[in-house]
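Here are my notes on the model below. Please read them with the structure open.

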Amino acid sequence: CCSDFVISDIDDAIEYAINNSNVDTSKIFVIGLSGGGYTTLGVFMKSKYNINKFSAWASISDLTAWYYESLIRRPKYAIDILSCTDTSKNELNEKKAKMKSPIYMDLPSNRLNNSKLYIYAGIYDGLKGSVPFTHSINFYNRILSDFNVTDKSPMISDSEKLKLLEFRKPLGNYGKIANRQIFLEKQYKNIKIAIFEGGHEMLTEYAFNELIFK
């Protein structure tokens, strides 16, 4: 659950690779799906390294929200969240959950100057999958809010989010990724989000090609 130990272990792995291998430090990537996407967002917010690209798929961004969502659909995940937040008496320790939620973490001041972040979520995730795509949207909007953007068009509006939730239909002609229709795509500086036709998944070949060639 994105503890400081998890982040430091990943930083240690990066440090070990740099010190012991022939590493191009301009091409360090972090990629993950689901809990791995959650961790990718956590590393984006907390890593001490200048990581070139992050690719987060079907990510959890708010542990409190996911607890209550999981309590309704999948009790197993709710129990896991209680276990990793020092919770007793089956009442969520929301303070601890917030500390482990990327959406509440402090954004390093130069992160978007040095790194690219790609966020992807399937439009049916939350119905057929375990993490509602709204986690990705809310995290994207939170990062943009840190920059106090005056032009709100790069942000995802409440109206756009509601339409996606209600109708599960594309909100424009955004093209495709890996032969999947994009329902909504937005970008601000080095951060991009795409909600695509799919569920709780990573489009693996597309994801790796984007990291390596774009």
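1. Ground rules. This is a predicted model; local features need pLDDT of at least 70, side-chain atom pairs count only at pLDDT 80 or more, and totals for chains, interfaces and linings use all residues. Residues are numbered from 1 along each chain as its sequence is written, and side-chain values use heavy atoms, with hydrogens and water left out.

2. Helix 9 and its surface. Phe 208 is found in helix 9, residues 204-213. Helices (H or I, at least four residues) and strands (E, at least two) are DSSP runs, numbered from the N terminus. Phe 208 is partly exposed, at 39% relative accessible area. The cut-offs are under 20% for buried, over 50% for exposed, and partly exposed in between, with a 1.4 Å probe and protein chains only. Together with Ile 212 and Phe 213, Phe 208 makes a nonpolar surface patch of about 350 Å². Patches take residues with over 30% relative accessible area and no salt bridge; like charges are joined within 9 Å, nonpolar side chains (Val, Leu, Ile, Met, Phe, Trp, Tyr) within 5 Å. Areas come from the Shrake-Rupley method with a 1.4 Å probe; for residues, only the protein chains shown count as cover.

3. Glu 210 and Lys 192 meet through their side chains in a salt bridge, 2.8 Å from N to O. Glu 210 belongs to helix 9 and Lys 192 to strand 6, so the pair links distant parts of the chain, 18 residues apart. The term means a side-chain nitrogen of Lys or Arg within 4 Å of a carboxyl oxygen of Asp or Glu. Glu 210 is buried at 2% relative accessibility. Lys 192 is buried too, at 11%.

4. Other salt bridges. How many salt bridges does a search of the whole structure find? The count is seven. One joins the side chains of Lys 76 and Asp 80, at 3.2 Å from N to O. Both residues lie in helix 4 (75-83), four residues apart, about one turn of the helix. Lys 76 is exposed at 55%, while Asp 80 is partly exposed at 36%. Another joins Asp 86 and Lys 96, with the closest N and O atoms 3.4 Å apart. Asp 86 sits in the loop between helix 4 and helix 5 (94-99) and Lys 96 in helix 5, so this pair ties together parts that are ten residues apart in sequence. Asp 86 is exposed at 57%; Lys 96 is partly exposed at 23%.

5. Strand pairing. Strand 3 (116-122) is mostly covered, with six of its seven residues buried. Strand 3 pairs with strand 2 in the parallel sense over five bridges. Two strands pair if DSSP finds at least two bridges between them. Phe 54 has Leu 117 in strand 3 as its bridge partner. Strand 3 also pairs with strand 6 (191-196), again in the parallel sense, over six bridges. There, Ala 121 stands opposite Ile 195.

6. Ser 61. Is Ser 61 buried or exposed? Ser 61 is buried, at 1% relative accessible area. Ser 61 sits in the loop between strand 2 (53-57) and helix 3 (63-73). A polar atom of its side chain lies 2.8 Å from the backbone oxygen of His 135. Not counting residues up to four places away in sequence, Ser 61 touches Leu 41, Ser 101, Pro 102, Ile 103, His 135 and Phe 139. Contact here means heavy atoms within 4.5 Å.

Note on methods:
Polar contact = N/O pair within 3.5 Å; in protein donor to acceptor, adjacent residues only side chain to side chain.
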